[in-house]
Amino acid sequence: AVGLRRLAHFPDLDEIRRSRLKKCTLFEMEPSPAVEAVQQEYLRLAAVLWAGTAPLAATPMRDRDLFDFLGFE
């Protein structure tokens, strides 16, 4: 919608919420398949950012359009 591309996707997982409640990082959590999948996505994002990305020109959105895009009422 604004001309940018998504570099990562972090699903709405209970493990992410629990790490925040425990005040620890996902890398400090007990291993599980879901935690390890999110850890790998963070590591993949870090590698992409470290390698650098091509600059993109962004088109700003009006507040109302942004709220509609994100699904806020």
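Author: Before we start, pLDDT is the predictor's confidence in each residue, on a scale from 0 to 100, and it matters here as a topic since this is a predicted model.

Reader: Okay, which elements of the chain have the lowest and the highest mean pLDDT?

Author: Among the elements of the chain, helix α3 has the lowest mean pLDDT, at 87, while α2 has the highest, at 92. For the chain taken together, the mean pLDDT is 88, and 99% of the residues reach 70 or more.

Reader: Let's go to charges, then. How many salt bridges are there?

Author: The count comes to 5 salt bridges. One of them joins D14 and R18, whose closest N and O atoms are 3.2 Å apart.

Reader: And how are D14 and R18 placed in helix α1?

Author: Helix α1 covers residues 14–21, and because D14 and R18 are 4 residues apart in that helix, about one helical turn separates them. D14 is partly exposed, with a relative accessible area of 39%, and R18 is also partly exposed, with a value of 31%.

Reader: Which residues are linked with D14 and R18 in a network?

Author: The network of salt bridges links D14, E15, R17 and R18.

Reader: What about E15, is that residue buried or exposed?

Author: E15, which lies in helix α1, has a relative accessibility of 15% and therefore counts as buried, the cut-off for buried being under 20%. Not counting residues up to four places away in sequence, E15 touches L26, M29, S32, A34 and V35.

Reader: Which residues make up the largest nonpolar core?

Author: The largest nonpolar core has 5 residues, namely I16, L26, M29, V35 and V38.

Reader: Which residues is E41 in contact with, leaving aside its neighbours within four places in sequence?

Author: With those neighbours set aside, the contacts of E41 are A8, H9 and F10.

Reader: Last stop, helix α3. How are D68 and R64 separated there?

Author: D68 and R64 are 4 residues apart in helix α3, which covers residues 63–70, so they are separated by about one helical turn. Their side chains meet in a salt bridge, with 3.2 Å from N to O, and R64 counts as partly exposed at 39% relative accessibility.

Reader: Which residues make the nonpolar surface patch?

Author: The patch, of about 510 Å², is made by L66, F67, F69, L70 and F72. One of these residues, F72, has its place in the segment after α3.

Terms used. Residues numbered from 1 in each chain as written. Predicted model: local features only at pLDDT ≥ 70, side-chain atom pairs only at ≥ 80, totals over all residues. Heavy atoms only, no water. Salt bridge = Lys/Arg side-chain N within 4 Å of Asp/Glu carboxyl O. Helix = DSSP H or I, 4+ residues; strand = E, 2+ residues; numbered from the N terminus. Buried < 20%, exposed > 50% of the residue type's maximum accessible area, 1.4 Å probe, protein only. Patch = residues over 30% accessible without salt bridge, like charges linked within 9 Å, V, L, I, M, F, W, Y side chains within 5 Å. Areas by Shrake-Rupley, 256 points an atom, 1.4 Å probe, with all protein chains shown as cover. Contact = heavy atoms within 4.5 Å. Core = buried A, V, L, I, M, F, W, Y, C linked by side-chain atoms within 4.5 Å.
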